[in-house]
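Visitor: I would like a close look at one single residue and its surroundings, and then at how the chains meet. Could you walk me through that part in one go?

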Amino acid sequence: MGHTYDFASIPGYIPKIMQAFPLTIEILLLSLLFGLALAALVTIGSLGRNKVLNAVSKGYISFMRGIPTLVLIFLLYLGLPQIMQGIGVDMSGISKTAYIIACLSLSSSANFAEMMRASYLAVDKGQREAAYSVGMKGFTAFRRIIFPQAFGIAIPALGNNIIMLFKETSLAFTVGVIDILGKARAMSAASYGTNRLEVYIATGLIFWAICFILEKLSKSFEKAYTKGRKKATS
Amino acid sequence: MINFGFIVQSVPALIKAIPVTLLMAFAAAAAGWLLGLGIALIRKNKVPVISQICAVFVSFMRGVPMIILLYISYYALPVVVYNYGMSIGREIDLNAIPAVLYAVLALMLDQAAYSSEIFRSALSAVDEGQMEACYSVGMTKSQALIRIVLPQAMAIAVPNLSGLFLGLVKGTSLAYYVGVYEITATANLLAMPALNFIEAYVMTTIIYEIISFIFNKLFRGCENRLKRFRAGASAA
């Protein structure tokens with residue numbers, strides 16, 4: 001094993017890997033959108049008065065938190081088409097990217113739902129009562145009084161969850177999507193693995209840099225949003 | 001449609017893979033959390049230079065996906081080990097190193113970074129007055145830390161550590177990609193020949209759900225037992 005590593009070549013790989021960046025961002029944004037929408041439904045279910053819906057929401061969250069994303073991907077990507085074929089539905093037309101987006105939306109929705117629930121409950125009860133007392137109806141009170149405060153409380157957790165989701169997009173390569181890591185693997189394979197360590201370090205640096213930017217964005221957004229607002233947590 | 005014969009046949013093999021998953025998780029958590037506590041203490045006490053290095057390490061670990069850390073560990077560590085072996089004049093057979101070591105190393109460093117943040121916030125949540133009270137009865141700094149501050153900090157940290165550990169168990173499934181035959185990899189191996197994916201992954205899912213459920217309960221119990229340390233803590 002007389003292999004030596006050429007660490008000076010690392011920066012050179014970054015532009016090539018970044019060619020796959022748009023796809024990674026597409027996966028991130030769509031998963032974020034669907035994940036948040038799904039989480040909103042689950043949160044409504046868990047906060048409502050319906051006992052059955054409460055149990056379903058709770059069960060959904062604990063199921064999604066228990067299953068590794070990789071297993072969920074295999075289950076949906078390899079297992080689901082088999083079941084669907086059994087009942088006569090052909091799923092071969094669905095793109096690999098769509099599977100990944102579906103899996104990441106499902107797995108992230110549990111974390112988002114927990115975040116939404118906690119932020120909603122963190123807003124002081126008196127706020128709702130005050131809104132009612134000036135004649136606001138349920139949804140108006142939520143939209144104008146509760147939500148803006150809950151959102152402010154949720155920003156740090158939202159930022160963290162988005163960073164986690166971004167890191168999870170790296171699993172797209174497991175079904176053959178050419179995202180950032182997929183591209184890196186292809187580059188490593190093209191050189192018969194001679195530059196694999198350099199390529200993976202370059203990929204790691206890209207993820208680190210983007211996470212760093214996301215964290216800074218989240219911090220400054222939190223500052224801008226909560227500026228001038230009084231914290232009304234219970 | 002569902003091949004029950006396959007399920008019956010493959011359950012023993014899957015159950016045999018559970019200890020591999022758990023071993024990785026325990027080893028990574030034990031070593032990683034100890035390291036994390038060290039990092040937290042270093043950063044809390046603002047030890048010059050080391051604390052800055054730790055900050056960069058934590059930021060890197062938190063910014064890079066587990067799978068990339070696994071690859072880096074898998075491809076970089078053998079070279080380091082080999083070169084070390086040569087420097088002491090021995091040729092080390094790299095094939096003798098089990099793949100699980102690379103996985104544990106990557107998982108451990110990841111745990112160290114995340115747990116250090118948990119310990120750091122737990123340590124700062126313990127009231128300053130506790131430390132002063134220790135000094136006033138003549139304890140040394142390390143006595144105060146071990147006997148008074150750490151038990152209280154642990155009680156605060158346990159709920160977050162529980163979440164971290166459950167994430168770690170899930171993270172071990174990625175060790176598949178560096179050639180460790182844990183639960184996910186075993187399921188894949190079993191499913192491949194006759195394409196029994198749905199059966200294999202449903203079983204895998206059930207196993208992971210059971211593991212999560214058990215550890216969730218264990219950590220809850222732990223939380224309740226540690227509650228006695230919480231009286232008077234976190235007055236801030």
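Guide: Happy to. Let us start with A:Asn161, which counts as buried because its relative accessible area is 12%, under the 20% cut-off for that class. Please keep in mind that this is a predicted model. A:Asn161 sits in helix H7 of chain A, the helix that runs over residues 138-168. Leaving aside residues up to four places away in sequence, A:Asn161 touches A:Asn111, A:Phe112 and A:Met115.

Now step back to the chain around this residue. Chain A has nine helices and zero strands, so its pattern along the sequence reads α-α-α-α-α-α-α-α-α. The C-alpha trace of chain A spans about 75 × 50 × 25 Å along its principal axes. Of the 234 residues in chain A, 42% are buried. If you take the contacts in chain A between residues at least 6 apart in sequence, 77% of them join residues at least 24 apart.

From there we can move on to the partner chain. Here 37 residues of chain A are in contact with 38 residues of chain B. Between them, chain A and chain B bury about 3300 Å², with 73% of that area on carbon and sulfur atoms. The count of salt bridges between chain A and chain B is zero, while nine residue pairs are in polar contact across this interface, with both residues at pLDDT 80 or more. On the side of chain A that touches chain B, at least two residues each come from helix H3 (51-66), helix H4 (69-86), helix H8 (180-190) and helix H9 (196-226). H9(A) gives the largest share of that side, eleven residues. By residue class, the side of chain A that touches chain B divides into 23 nonpolar, nine polar and five charged residues.

A last stop is the cysteines. What does a search for disulfides over all chains find? The whole structure holds zero disulfides. For A:Cys211, which is in no disulfide, the nearest cysteine sulfur is that of B:Cys54, 20 Å away; a disulfide would need the two sulfur atoms within 2.5 Å. A:Cys211 counts as buried because its relative accessible area is 2%. In chain B, B:Cys134 is also buried, at 4% relative accessibility.

Note on methods
Residues numbered from 1 in each chain as written. Chains lettered and ligands numbered in written order. Predicted model: local features only at pLDDT ≥ 70, side-chain atom pairs only at ≥ 80, totals over all residues. Heavy atoms only, no water. Helix = DSSP H or I, 4+ residues; strand = E, 2+ residues; numbered from the N terminus. Buried < 20%, exposed > 50% of the residue type's maximum accessible area, 1.4 Å probe, protein only. Contact = heavy atoms within 4.5 Å. Buried area = accessible area lost by both parts, 1.4 Å probe. Salt bridge = Lys/Arg side-chain N within 4 Å of Asp/Glu carboxyl O. Polar contact = N/O pair within 3.5 Å; in protein donor to acceptor, adjacent residues only side chain to side chain. Nonpolar A, V, L, I, M, F, W, Y, C, P; charged D, E, K, R; others polar.
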